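Let's take a friendly walk through this protein chain. Have the sequence and the picture open side by side as you read.

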Amino acid sequence: MQQAADKLAWLAVIPVYAYFYDHYRVHTWHADWLSFAVLFVAQDLLYYVFHRCSHRVRWLWAAHVVHHSSERMDFSTAFRQSLMYPVAGMWVFWIPLAVLGFPPKQIVAIVLINLGFQFFVHTQTVGRFSGKFGWIEYVFNTPSIHRVHHARNDRYIDRNYAGVLVIWDRLFGSYVDEDPREPPVYGIVEPLYTFNPLKATFHEWASMARDVASARGMRDKLRALFAPPAWAADYHARRMAGATSAAPARTTNNDMAAFSARRRPQKIL
Ligand SMILES: [Zn+2]
Ligand SMILES: [Zn+2]
């Protein structure tokens, strides 16, 4: 079902890329290795931006949470993807590639190559590369690096957003090593307790809609959609406190810390 939805989404967005390519491209590339290298690096950087935003903007997290809700870490986790990425707007992040002068079909191809590579980092059977292969951990996303990304331990949460190249995490300060003394604990808290894939897909969207409806004032309504997911956990905690006590609940750093432990692990499917 997800693959059919993906195909439909690509068919819908290719004309958008074509529009930007036809009207706004700043360069016309010859089809050679240089253009492939530029396309590959540029798309991987945009993937990093997309992925980091997916953890920091609730609208995008609502789709991405499905991938993180597994408490397993194996190749099946790689297949666990949301139907809702096209709605969330993942495709928007690739528009700059059309402006850089890459034709729509090349954009689709490089996105699929990037996502295809990521299949292989979802495993616990490969350790950290070391010795003469140690350089790999400095250049490429590896199983060890991506295990950290899927972990909910405090020291690992919201780290290692890499697609293919880990250089972006190292450049932009989001990199952390897998520490053998602290094995990753996978998943997100706030369990859904469901094996229903539709519930898993739409749970966060429904929660977001409820929060938009109940939030007072435009600022909080917008926060319900676009603030970091931590805002939602804090908002829910305040509402719970408001329901059980007449005194207004205050946001504390502890609420946010508690959220960071709660936000990831959700067991579904
Ligand atoms: Zn992620
Ligand atoms: Zn993953």
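## A helix and its neighbours

The buried residues of α2 are L39, Q43, D44, L46, Y47, Y48, F50, H51, S54 and H55. What covers these buried residues includes the helices listed here.

| Helix covering α2 | Residues |
|---|---|
| α3 | 58–68 |
| α6 | 95–99 |
| α7 | 104–119 |
| α10 | 167–172 |

Helix α2 itself runs over residues 33–56, which makes 24 residues. From its first C-alpha to its last, α2 reaches 35 Å, close to the 34 Å expected at 1.5 Å a residue.

Now look at α3 again, this time beside helix α11 (residues 197–214). The axes of α3 and α11 come within 7 Å and cross at roughly 160°. Because angles over 145 degrees count as roughly antiparallel, α3 is roughly antiparallel to α11. On the α3 side, the contact is made by R58, W61, A62, V65 and V66, and α11 brings A200, T201, E204, W205 and M208. The crossing of α3 past α11 is right-handed.

Stepping back, the chain has 14 helices and zero strands. Of its 269 residues, 33% count as buried. Among contacts between residues at least 6 apart in sequence, 69% join residues at least 24 apart.

How far can you trust the picture? This is a predicted model. The mean pLDDT of the chain is 88, and 88% of its residues reach 70 or more. Over residues 246–269, however, the pLDDT is below 50, although this stretch has 61 contacts in the model beyond near neighbours in sequence. Where pLDDT is low, the predicted coordinates should not be read in detail.

Note on methods: Residues are numbered from 1 along each chain as its sequence is written. Chains are lettered from A and ligands numbered from 1 in the order in which they are written. This is a predicted model: local features need pLDDT of at least 70, side-chain atom pairs count only at pLDDT 80 or more; totals for chains, interfaces and linings use all residues. Helices (H or I, at least four residues) and strands (E, at least two) are DSSP runs, numbered from the N terminus. A residue is buried if 20 or more other C-beta atoms lie within 10 Å of its own, exposed if 12 or fewer, and partly exposed in between; C-beta atoms are placed from the backbone. Two residues are in contact if their C-beta atoms, placed from the backbone, lie within 7 Å. The expected span of a helix is 1.5 Å times one less than its number of residues. pLDDT is the predictor's confidence in each residue, from 0 to 100. Axes are lines fitted to C-alpha atoms, for helices over the stretch in contact, and angles run from 0 to 180 degrees between N-to-C directions. Angles under 35 degrees count as roughly parallel, over 145 as roughly antiparallel, 65 to 115 as roughly perpendicular and the rest as oblique. A crossing is left-handed if the near helix is turned anticlockwise from the far one by less than a right angle, and right-handed if clockwise.
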